[in-house]
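Biologist: Can you walk me through this one? I'd like to start with the chain contacts, then look at a helix.

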Amino acid sequence: MGYGNTLQNALKNLGLRAFHKIRKQKWVIAKIVRNPSAMVGAFIVALMIISAVFAPWIAPHDPLKTDIEHRFEGPSAHYLLGTDELGRDTLARIIYGARTTVPIIFGVVVLGAAIGVLLGILAGYYSGTFLDKLLLWIFDVISTFPGIILVLALVAIFGSSDLVLTLILAFWRIPSYGRISRTEILSIKNETYVKAAEALGARRWRIILSHMLPNSLPPIIVLGGMDLGVVVMSIAGLSYLGLGMQPPKPSWGGMLSIGYTYIRQSPWLIIWGCVTLVIIMIGCSLFSGGLRASLKPEESLSE
Amino acid sequence: MDKEVILEIRNLSVRYRTRKGPIMPVANVSLRVREGECLGIAGESGCGKSTLALAVMKLLPPNARISTGSILLNGEDLVPLSEKEYGRRIWGKRIIMISQNPHDALDPVFRVRDQLEEILWVHEKSQPGNHTAQRESHGHEIERILTGMGIPDISRVLGAYPHQLSGGMKQRILTAMAFFCNPSILIADEPTTALDTTIAAQVTEMFKDLMKAHSTSLVYISHDLALLSELSTSVAVMYAGEIVEYGKTADIASKPMHPYTTALLAALPSASKSRLDSIPGRVPDLSNPTRLCQFSPRCREKGGWCTEEKPELLEVTPGHWARCSKFLTTDTDRSIHGAR
Amino acid sequence: MALVEVDDLKIFFEGHTGMLSLPKAHREFVHAVDGVGFHIQEGEILSLVGESGCGKSTTGMGILRLVNATAGTVLFRGENVLKMKGRSLRRYRRKAQMIFQSTYASLNPRMTVREIVAEPIRIHALEGDEQRIEEKMLEVLETMGLRKADLEKMPNEFSGGQARRIGIARALVLGPELIVADEPTSGLDVSVAAGILNLMCDLRDKHHLTYLWISHDLHAVSFISDRVAVMYLGKIVEMARTKHLIENLCHPYTKALFSAIPMLDPAERISRIILKGEIPSALHPPSGCRFHTRCSYRMPRCSEAEPPFKEIGADHWVSCYLYE
């Protein structure tokens, strides 16, 4: 009886807190909506995600179905963007390419950011100590190693399954997030509101989680947005080298590679491959730019 | 015998374009400064006093412009002049402004001596007569001026870079130089607000000495009525872009007429008071100027007359003007303004 | 027993900050607070006044354990605050709060007013039920003249005076006994400052508060405080009951300071004493009496040894050889 009541109360309290937290975000969303280039970016990113999730329903053809009679065709009514070297529909392969690539890039960014930010916060909070110096050294080591070589070596050891690819690329991205969040923490440490929280009696973890972390996130989020595009390019590069996705899985990088090989037979492959990657990069860049502008609390809705 | 009017501002209004629409931080302001006189402009933040100064200096930001009115300096209207004209004839020569933040007025990469020499050199070039070719020869004159003002350790001060000097020191140097350039009019925008009490007193005393020695006409902007009562002969009180009261400083301090001035004086803390009168409400939104009295929503002395029309600035007693309907007592006034 | 008893408080900061620390002999310290002592009785308002660099803000922060004190004791109801740790320190924090000088900086720009004012309640787990937390917050906000709709807003949406009230609300929600107010009226318009002054008086009466009022605004100080302590370069040079002090300025610095305030009423003006020179550096304070370099009453002994802080009248303390 008592437990039921307490549980009910606890849930109610949780619900109220969640409600207020969500209500707080509306001004971020509203500002994105007001910004045209951010909307374009958001649209492209959304398109990427939708393609990834709903590929089987959106793609006009089976990406693996070959049609040898119609290979190297240009855009037509049947095959909207043309076909590749085995007669497979290019558009379908692009859409399914999202399905294979998008989970990885989000995985990379989320994992890399989570670990990087955690380490960065530790380094920043304990700056000047041995821990800080150690972490910085680790960041330096990871980042000065030429990225491709590092990845090549790791792929050679661990193989190139999706999971391994994600972990390797995340590992490669950790220093960027780590350094940025460390720098942010260093400056936030001296802010008056942190002192104020201390004056209220807040403990260390609360100060870090409630005050330092949220205020250090904007550059991280912006970096994350840009990183989505950067990681796409890295995977494309790896696939180009034959180390990323293996055929017959559709991959954007793979398409570039094949397209380059068969450029005489049909320029369309490489054209569509490039166009796709360019649009993705622009979209991610615009979206992250829009996020940066909208995460500033200086101007707000009620003005 | 009235002294000559050096600066006359007639019906000046400034309009700003903002995202929310146009706002008028200065609305229909008229002022006169006579030779050798110090006019104080008092008001709280947002009343338009700084914008007024910027308008006279032609330093308004790009989204602002003078929409109506004229600024007459020795009879010449400055409003139609271009920035280039101002550069040639006005800035640093006929009008000099001392602003609140001395750190902004000096270039951080040049020594103080070089900058002061440049001030004198530019100023001299604008005067008729024989000019010394060298900029450096002004060094002696600068030392003379500053020593005369009681600034210690001259060689260290002049040889220093601006960041090596304190705010008070910089403000004193700039003030001395400003007066010695003998402009037609000097505008001081809250020069002591950012300074410590005793340092501010040093600068204020310096102002007094320089005013006596040079008989420069001065417009002194401040939110501190007590300070203005020490320096200025007359005061204009501004609220929401308008002048609401104008007169001799002593009169306004002892017998304020406009309810805003009265409220402002009642809000000043002092040892003898046990409770202060704070003014309820907030400064009006300038994007929505009313045709009624701007202060009426917050006014303690509101009467039936306040709902009719915006009152004009009336000379209630000789030399003492107030913009308030309660002074519309004569029948003729009533019929003009429709007050009850 | 006084609510707060400060004795010989010293707060020094490292003068040299860099990658490598200097050997002990060469270390320099900024003597921000150099041997300050005073009592604050319960329900009293004591002001610390002085110009920039005199150490008044640092003293306030030291009392609240927001900076590390180098030496001395601070007793709160008999317990030494400087030695508290863990739970006892957290308990102290509930009883002694601060209102910060830079209001907007002291409010997390990404938190709503709701989160800001609820934070102290959550930190000390004073209330578990969300409903009751909200009620408590609304109660405090109403005292401040703020409304329920303000809960969802961010600090930057408020005017300076309102933001200051949010800061006060946050401090009050814990039901403290002592409030250290650091420049509560600075940067505010006269009318807004008057509102804050009235509010602070009302709160003092209603909640039996005690204030350490840190300010350079001598008009506000003479209005609100019961006692005043004048600080110069890390030391208190004079301390007395406010009304008494204004009539009986003793220390040369106090005289210069009070003479420097612009007065509206010419009858209240005292002849101005203009100090020579600038405030010396706190890194290398002058020997003997800190003020002797700028004092027109300087005697040879002033540069040799510091004058003792003595009671020369009824609760009137001065540190000056003129009054030996």
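**Chain contacts and a helix**

Modeller: This is a predicted model. In it, 28 residues of chain C are in contact with 25 residues of chain A.

Biologist: Which elements give two or more residues to the side of chain C that touches chain A?

Modeller: In chain C they are helix H2 (86-95), strand E6 (96-99), helix H3 (103-106) and helix H4 (113-123). H4(C) gives the largest share, four residues.

Biologist: How do the residues on that side of chain C divide?

Modeller: Into 10 nonpolar, seven polar and 11 charged.

Biologist: Now chain B. How many of its residues are in contact with chain C?

Modeller: 33 residues of chain B, in contact with 31 residues of chain C. On the chain B side, helix H8 (197-214), helix H9 (225-231) and helix H11 (259-266) each supply at least two residues. The largest share is from H8(B), with six residues.

Biologist: Switching topic. What span should helix H6 of chain C have?

Modeller: H6(C) runs over residues 160-172, so at 1.5 Å a residue its 13 residues should span 18 Å. Its end C-alpha atoms are 18 Å apart, which agrees.

Biologist: Is H6(C) largely enclosed or open, and why?

Modeller: Largely enclosed by the rest of the structure, because 11 of its 13 residues are buried. Among them are Gly161(C), Arg164(C), Arg165(C), Ile168(C) and Leu172(C).

Biologist: What covers the buried residues of H6(C)?

Modeller: Chain C elements, including E6, H3, H4, helix H5 (130-143), strand E7 (178-182) and helix H7 (190-207).

Notes. Residues numbered from 1 in each chain as written. Chains lettered and ligands numbered in written order. Predicted model: local features only at pLDDT ≥ 70, side-chain atom pairs only at ≥ 80, totals over all residues. Contact = placed C-beta atoms within 7 Å. Nonpolar A, V, L, I, M, F, W, Y, C, P; charged D, E, K, R; others polar. Expected span 1.5 Å × (residues − 1). Buried ≥ 20, exposed ≤ 12 C-beta atoms within 10 Å, placed from the backbone.
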